[in-house]
Amino acid sequence: MRVTALAGGVGGARFVRGLLHELREVRQDRDSEVVVIGNTGDDITLFGLRICPDLDTLLYTLGGGVDESQGWGRADESHTVQQELAALGAQPQWFGLGDRDFAAHIARSQWLGQGQTLSQVTERLAQRWGLPDQGVRLLPATDTPIETHVVIDDPAGGEQAVHFQQWWVQLLAAVRAHRFTVAGLGQAVPAPGVLDALRTSDVILLPPSNPVVSIGIILGIPGVRDALRGSRAPVVGVSPIIGGAPVRGHADACLAALDVEVSATGVAGLYADFLDGWLVDDADAAGAAGLRAEVRSLDLRMRDVHGAARIAGAALDLATDLSSRRTA
Ligand code: GDP
Ligand code: CA
């Protein structure tokens, strides 16, 4: 079986870790290939270094090196470099970067500077974290540099666009977002393997990642949404919204900018043109009527890897049922 998942950072990474646990440990399936298409809209250049927060969260989580309580960054982390940068007065200070984490950004930036693509660099980083041994391939959604920007009010009058990370990390998404724009998106080309994975997969999964600034960015890369619409594989998604609120983060502020209701059904509406199956929390079971996709409800909180595996298993089961009905 070939399984392809689109993923942002923490929600995507925890789901995919659960998916691998479900396949390899619970189902004893060593053969299935898993491809993860990671969001690159969050990427930012700081201190001359290219930082890919969602790809790094995926690498650290799947590789067993993540800070579990934060959900991102490295475990056993120190901040000597950042403290020295602060002493030097180097800006910005609002983006947390640990010493071990810095090493990945330095290596990535060096390899990109030598002319390697982000895909090639990501493959090298994935080797460091043992992803090939787990039968998982991590692809950046695109090798074309793209950056999500957020249009907010300018205190001096009118509007201004700030980098997504500034809005999310420094402003804590508390400043109203009017809209999102993605620099470079129109010219972006799906990274090698992305469209092929979507076309040849048996199952396509949408983890409970942010529907606007994680999944939404990947879907905006020319060709990706069409590949999902035309895929022979069922597309099954997991709601990141439970009981009208995100489980963590500020997806509510992102949905508000799009005038989309903060609900499991509101998110499903963003995927309506290709979504075949939709997992909602038990709390949302009653509100999910009226969707074209087949809806199932269960406890959607990923409290640990077993909880995430259970959800991934339910997504695989739903996909299998949808496939067998298609061929029947
Ligand atoms: P980010 O890039 O680090 O923000 O991570 P993602 O975009 O991959 O995921 C963020 C989304 O994951 C948020 O909208 C959360 O509501 C959702 N999320 C986080 N933990 C859980 C969970 O345990 N269950 C569900 N259903 N959603 C979750
Ligand atoms: Ca992210």
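## A first look at this predicted model

F47 sits in the loop between β3 (44-46) and β4 (49-51), where strands (E, at least two residues) and helices (H or I, at least four) are DSSP runs numbered from the N terminus. Phi of F47 is near 55°, a positive value in a residue other than glycine. Another loop, between α3 (80-88) and α4, holds P92. The peptide bond from Q91 to P92 is cis, with omega near 0°. For comparison, most residues other than glycine have a negative phi, and most peptide bonds are trans.

A word on conventions: this is a predicted model, in which local features need pLDDT of at least 70 and side-chain atom pairs count only at pLDDT 80 or more, while totals for chains, interfaces and linings use all residues. Residues are numbered from 1 along each chain as its sequence is written, chains are lettered from A and ligands numbered from 1 in the order in which they are written, and side-chain values use heavy atoms, with hydrogens and water left out.

Now to the ligand. Around ligand 1 there are 20 residues, the closest being P208, S209, S214, L300 and M302; a residue counts here if one of its heavy atoms lies within 4 Å. The table lists polar contacts, pairs of N or O atoms within 3.5 Å.

| Residue | Part of residue | Distance to an oxygen atom of ligand 1 |
|---|---|---|
| D54 | side chain | 3.1 Å |
| N210 | backbone | 2.8 Å |
| V247 | backbone | 2.8 Å |

Finally, look at two helices. Helix α4 (residues 99-113) and helix α5 (residues 118-128) pack at an angle of about 140°, with their axes 9 Å apart. R108, W111 and L112 of α4 meet L118, V121, R124 and L125 of α5, with contact meaning heavy atoms within 4.5 Å.

Note on methods
Axes fitted to C-alpha atoms, helices over the stretch in contact; angles between N-to-C directions. Polar contact = N/O pair within 3.5 Å; in protein donor to acceptor, adjacent residues only side chain to side chain.
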